[in-house]
Amino acid sequence: MRSLLSFRHGVHPPDHKQATEHIPVRRMSFPDEVILHLRQHTGKPARLCVKPGDRVERGDVVAQADGFVSSPVHATTTGTIVALELWPHPDGSRSQALRIAVERHSAQVPRPRLVPEWRTLSAKELIAAIRDAGLVGLGGAAFPTHVKLSPPEDKKIDTLLINGCECEPYLTADHRAMVEHPEKVQHGIRILLHALGIERAMIGIESNKPDAVEALRATLPDDLDVTVHPLRVKYPQGAEKMLIRALIGCEVPSGGLPMDVGVLVQNIASVEMIATVFESGLPLIERTVSVTGGGVRRPANLTVPIGTKLRDVLDACGGLTEDVEEIVFGGPMMGMAQADLNVPTVKGTGGIVVLSKGESRQGETHPCIRCGHCLDACPIFLNPQNLGALALARRWDEMEAQNLMDCMLCGCCSYACPSSIPLSQLFALAKTSLRKSSIKGKAA
Amino acid sequence: MWSVVASLAPVVGASIWFFGPSALLVLIASCAGAICTERGIAGTRALRDGSGTITGLLLGLTLPPGIPLWMAFLGGAFGMAFGKLVFGGLGQNVFNPALLGRAFLQAAFPVALTTWPASASSWWSLRGDNFALPLMSPQVPDALTGATPLGLFKFEGQGTDLGSLLVGSTGGSLGETCGLIILLGGAYLALRGHLNWRIPASIFASVALLAGLLHLIDAEQYPGPVFMLFSGGLMLGAVYMATDMVTSPVSGLGCWVFGAGIGALVVIIRIWGGLPEGVMYSILLMNALVPFINRVTQPRVFGTNLGSSAS
């Protein structure tokens, strides 16, 4: 067998995708209340443009982009604004959020709106339309798409990479999108290529999804240079830098971005959503979420209005089992464990993994024995063992000197550690501390 | 770490098969020394990971079967206290605790550490004065002493046939016997990910290469590579001592360098040194170099120094 493209190092966690990989996406019914955080994305939170008591229809703008690196927020259901208050955010903090009481017996039909014909738009107009639709990267980081599509003048992008790896265990939403709507994915790629003014796109898919590879190969366009590449099943194959290493064969420079090697990466869910926006005129108000794991009774791939509370999503999936241990937003490798069932989904939430007692890995931490397994796992070739020791001593500056900022918090080191040392959590803490002190330094 | 203990079971079994009840007594004494010391200084919590048992077993396996039990106990206690606990316990030590215990015994009681039993009259008979009282010289009639294959070669110019080296029916320490069983235990641990295979591979390669070169130059004076690999404590040292994760390098390249250094030192000490065997000192010397090896074998971070590596 021809060896599949990949990157060096990484780990092989069991993928646990069998629970939902063949279950078609279904739509959940509207909840009684949705909670819309103003900070749905990376960048500046959106600026509120409605007030409590206002009635909004599904798809109306409730908060506008505040600056360039920001994105508008739209009402995800028809209803009445109840309040603006502090509410738990999936990232563990509390932040400003709108509570919308969903109108009972509403048909939830959005206002009729003009569907823009993208072929007639210039690149600039197209990117503005993408911004107005509130599109952000749906892979998890939720970086505003229009910013990614507007590289500085001196960076020339020649290839669009489409990330269909879905390398996080358990998650299957992207897989279902590729199998159920390959033509939409191709449509989204076409729009993106038009916005970038290029003709080359490569789709990378981990080889454990042969049906997705087949579906996308069967729908390839004739007039564009779009290719599908099966990749080796290895975590974190879907990380931007690893995907570029596998498909293009080069390394993104330390501290740099994919555009430094002429590449732009978009994940499958984002590409499908771009097609949805230009097919229906609806902004980003709902998305597919994999609700899975041994702790949920009826695992599903669910279309969820953004802002639906965790408890309502779980109810739509039959509720929790008795041996539930931990609920994670995102995948088990990089996701955030949740402490409150009232936390709402945000635009970046593509998975809700409910781990049962047997699945959760919350072992007792033992001393480091310098086995070096973390070094063999780190896809960035850092020395997590040494960085971990420095983190425990809170020596952040030395960690920065050892390339801590190149760490993407993929969690391979924590996964590989036989002593259950929470390495990547320590690195997240170190990175946050360094960022805070650099902001303070600039202010002084 | 209990799987390391489990993988040592066949080696322990072989030592008991070859050396009778003496082997069992020595192993119990050295384990007791290590475990009691760990229990006394660090408390019961420290015992759960099994590393004290490993230290005791490994030390016992480097000792001759006829050694007085109090010495084995003292070696275990010394190795645990000064090889591990003074550094801060598990994961903090620089030297392999079992080998440090043996180095102490070798310095303090050189005669007892180099007295090898000749073939015993029956399996049940003791292979030396195991029950000598502390600080008394053990009674060893000359007729009872034999020699190890390395000693025979160094001091009397005699070889040992390959079959008995592989099976282990030769004189020597408890664990210097069956190389094949040790290799099997090592393969099991490597497959389970408890052992970095690069270290033994590198040691074997460098010993075989150097010994082979010397053997080519003068086959009379220098023994061949297979003899070098399967005699003495090389197998036990390469598979179980040098691979101690705490005292070996963390990166793959570092492990190759570490193993090559051990192999070279073993050949140098065995051939030109005053002692017939040099595995212990080779490993301890390279242990001291591990922080340095770690520093110079740091892998290139993804996306850095692209100018030189892109081509």
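Let's start with overall size. Chain A has 444 residues, and for that length a compact globule would have a radius of gyration near 22 Å; chain A comes in at 21 Å, so the two agree. Keep in mind that this is a predicted model.

Stay with chain A. Along the principal axes, its C-alpha atoms fill a box of roughly 60 × 55 × 50 Å. The chain holds 13 helices and 17 strands. How much of it is buried? Of the 444 residues, 52% are. Now look at contacts between residues at least 6 apart in sequence. In chain A, 72% of these join residues at least 24 apart.

Next, the domains of chain A. Domain 1 covers 118–280, and domain 2 covers 373–443. How far apart are their C-alpha centres? They lie 29 Å apart. Domain 1 of chain A gives six residues to the contact, and domain 2 of chain A gives seven. On the domain 1 side, four residues are nonpolar and two are polar. No charged residue is found on that side.

Let me zoom in on one residue in chain A. Arg287(A) sits in strand β13, residues 286–292. Buried or exposed? Arg287(A) is buried, because 25 other C-beta atoms lie within 10 Å, and the cut-off for that class is 20 or more.

Now the contact between the chains. Chain A puts in 23 residues, and chain B puts in 18.

On to chain B. Here domain 1 runs 1–146 and domain 2 runs 148–297. The C-alpha centres of these two domains of chain B are 20 Å apart. The contact between them takes 31 residues from domain 1 of chain B and 29 from domain 2 of chain B.

Which elements build the domain 1 side? Those that give two or more residues are α1 (2–19), α2 (21–42), α3 (51–61) and α5 (97–108) of chain B. The largest share is from α1(B), with 10 residues. By class, this side of domain 1 of chain B has 21 nonpolar residues, nine polar and one charged.

Phe204(B) belongs to helix α10, residues 198–217. Why does Phe204(B) count as buried? Because it has 20 C-beta neighbours inside 10 Å, and 20 or more is what the class asks for. Setting aside residues up to four places away in sequence, Phe204(B) touches Leu229(B) and Ala238(B). Finally, look at Gly259(B). Along the chain, Phe204(B) and Gly259(B) are 55 residues apart, while 8.2 Å separates their C-alpha atoms.

Methods
Residues are numbered from 1 along each chain as its sequence is written. Chains are lettered from A and ligands numbered from 1 in the order in which they are written. This is a predicted model: local features need pLDDT of at least 70, side-chain atom pairs count only at pLDDT 80 or more; totals for chains, interfaces and linings use all residues. Helices (H or I, at least four residues) and strands (E, at least two) are DSSP runs, numbered from the N terminus. The radius of gyration is taken over C-alpha atoms; the globule rule is 2.2 Å times the number of residues to the power 0.38. A residue is buried if 20 or more other C-beta atoms lie within 10 Å of its own, exposed if 12 or fewer, and partly exposed in between; C-beta atoms are placed from the backbone. Two residues are in contact if their C-beta atoms, placed from the backbone, lie within 7 Å. Domain bounds come from an automatic or database domain assignment. Ala, Val, Leu, Ile, Met, Phe, Trp, Tyr, Cys and Pro count as nonpolar, Asp, Glu, Lys and Arg as charged, and the others, Gly among them, as polar.
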